[in-house]
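Please take a moment to look over the sequence and the model before reading on, and keep both in view as you follow the paragraphs below.

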Amino acid sequence: METAAVIGLGYVGLPLLAALAKSGKYQAKGFDTDTQKISLINEGICPIVDDECEAIIAQKILAVSADPQILNGAQVFFVCVPTPVHGDFSPDLDPLVSAIEQIAPFLTEGALIIIESTINPGVCDEIIIPLITEKTGLAAGSGFGIAHCPERINPGDPQWKIGNIPRNIGANTPEVCRRAAEIYRAILTAEIYEMATLKEAEATKIIENAFRDINIAFVNELAKSFDAMGIDLISVLKGAAKKPFGFLPHFPGCGVGGHCIPVDPYYLINRAMQSGFDHKFLRLAREINNSMPAYTVEILREALNDLAMPLKGSQIGVLGIAYKGNVADKRESPALKIIDLLREKGAVVHVFDPYFPTESTCAGLEALLEASEAVVIATEHDAFRALSPEVFFRYNVRIVIDGKNSLRKELFRGSPLIYRGIGRA
Ligand code: SAJ
């Protein structure tokens, strides 16, 4: 029985390790540098929200360690580490390079490395393969095989799980691609699509997420335009979505966060620039989406102005830190950018997010409402959806800026409160 090791036990690697272990077809080993995460797993506690993982981890059957020696003797290495961007939006491949350096001592002739982390076309051919050869003396092909199978995990999605999400695979040779595909087919029920090259597989994930980013930018620009014209974009999108073909609705908001959508386009923009091509459209979409936190603050400033209240010194409550509803993830969150902008402009900012109690300045929703003259909803947590004009009125909140259009605008019609959404004129 082959030994398969998973490097990086986050929301991508842990479900993969669980699937390998559950299949009974591989000796599954997990490695992560985070000793706290390893301790939790060894205690039977799942560090991510995933019911299948929780069940497997509770049985304490997973072999995981923060000691790289656990990789000794493995033939297959799945690399599932983050690929973020630096502050200047340039790709940060350090975690991926570190992971490759950690597995290098354990790579023997015939080893198979499968990269699941999201990377731009060229990373395997131009960075990973030379690095492995440099560290091991092995040559791609004769010495080791490399494949790329971009992850498609959608945290919190009740329908699409690791078992049934179709996957694409590219590799350095057709034989390696077939070998990798066979492993995935042995542990997953989903369609596994073998592609011709590593670059093609690398490109699929990047364009999947760039596609989402440009579509969100499209509706965010429409929101600004329709707000100026007094047209309710959400109503317009509802009508456009009645078209049964050729239209895929996206929705405006206070910004685009997360570790995928606002990040992945920069990987393509950066690499294409090295080949002399400027993705002006992708860059513009990123500029539009990155402008939404400031747009949201501007809407607040105009509403305060209607009440002859300066932003400076006003008590502003921000509901939400997470980048999207009902998740405990704040990476690239627009909420954080809104909070920074408000503080820069001298507002007194109160923050509450039930998923981030230690980073909230208020102990609860009521405490925030008590302290605030105006409220910005920056994350569409279910916990905020019950908020009504009556509740805001009771706490003397005079302005509600609904950055995620998560409340029902019609409830505020005729109310003395000022309610503004994004694209909800
Ligand atoms: N957002 C909008 N308008 C939209 C959709 C999203 O402003 O119409 C914002 C969200 O509020 C959030 C950000 O964009 O701040 C990203 O939202 P997301 O729903 O795309 O959530 P993610 O980051 O979890 O994206 C993941 C991605 N999955 C993978 O990379 C494997 C993405 O490809 C999926 O399309 C997305 O989940 C999904 O569909 O849920």
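How far is an oxygen atom of the ligand from an N or O atom in the side chain of Asn209? The separation is 2.5 Å, which falls under the heading of a polar contact, a pair of N or O atoms within 3.5 Å. This is a predicted model, in which local features need pLDDT of at least 70 and side-chain atom pairs count only at pLDDT 80 or more, while totals for chains, interfaces and linings use all residues. Residues are numbered from 1 along each chain as its sequence is written, and side-chain values use heavy atoms, with hydrogens and water left out.

Asn154 also reaches the ligand, with an N or O atom of its side chain 2.7 Å from a ligand oxygen atom, and a polar side-chain atom of Lys324 lies 3.1 Å from an oxygen atom of the ligand. Of the 740 Å² of accessible area that the ligand has on its own, the protein covers 84% (areas come from the Shrake-Rupley method with a 1.4 Å probe).

Around the ligand there are 18 residues, the closest being Asn154, Asn209, Arg212, Phe251 and Tyr323, where a residue is counted if one of its heavy atoms lies within 4 Å. This shell is made up of 7 nonpolar, 5 polar and 6 charged residues, with Asp, Glu, Lys and Arg counting as charged.

Turning to the whole protein chain, its secondary structure comes to 14 helices and 13 strands (DSSP runs of at least four residues for helices, H or I, and at least two for strands, E). Along its principal axes, the C-alpha trace spans about 75 × 50 × 40 Å.

Methods
A polar contact is a pair of N or O atoms within 3.5 Å; within protein, one must be able to donate a hydrogen and the other to accept it, and residues adjacent in sequence count only if both atoms are side-chain atoms.
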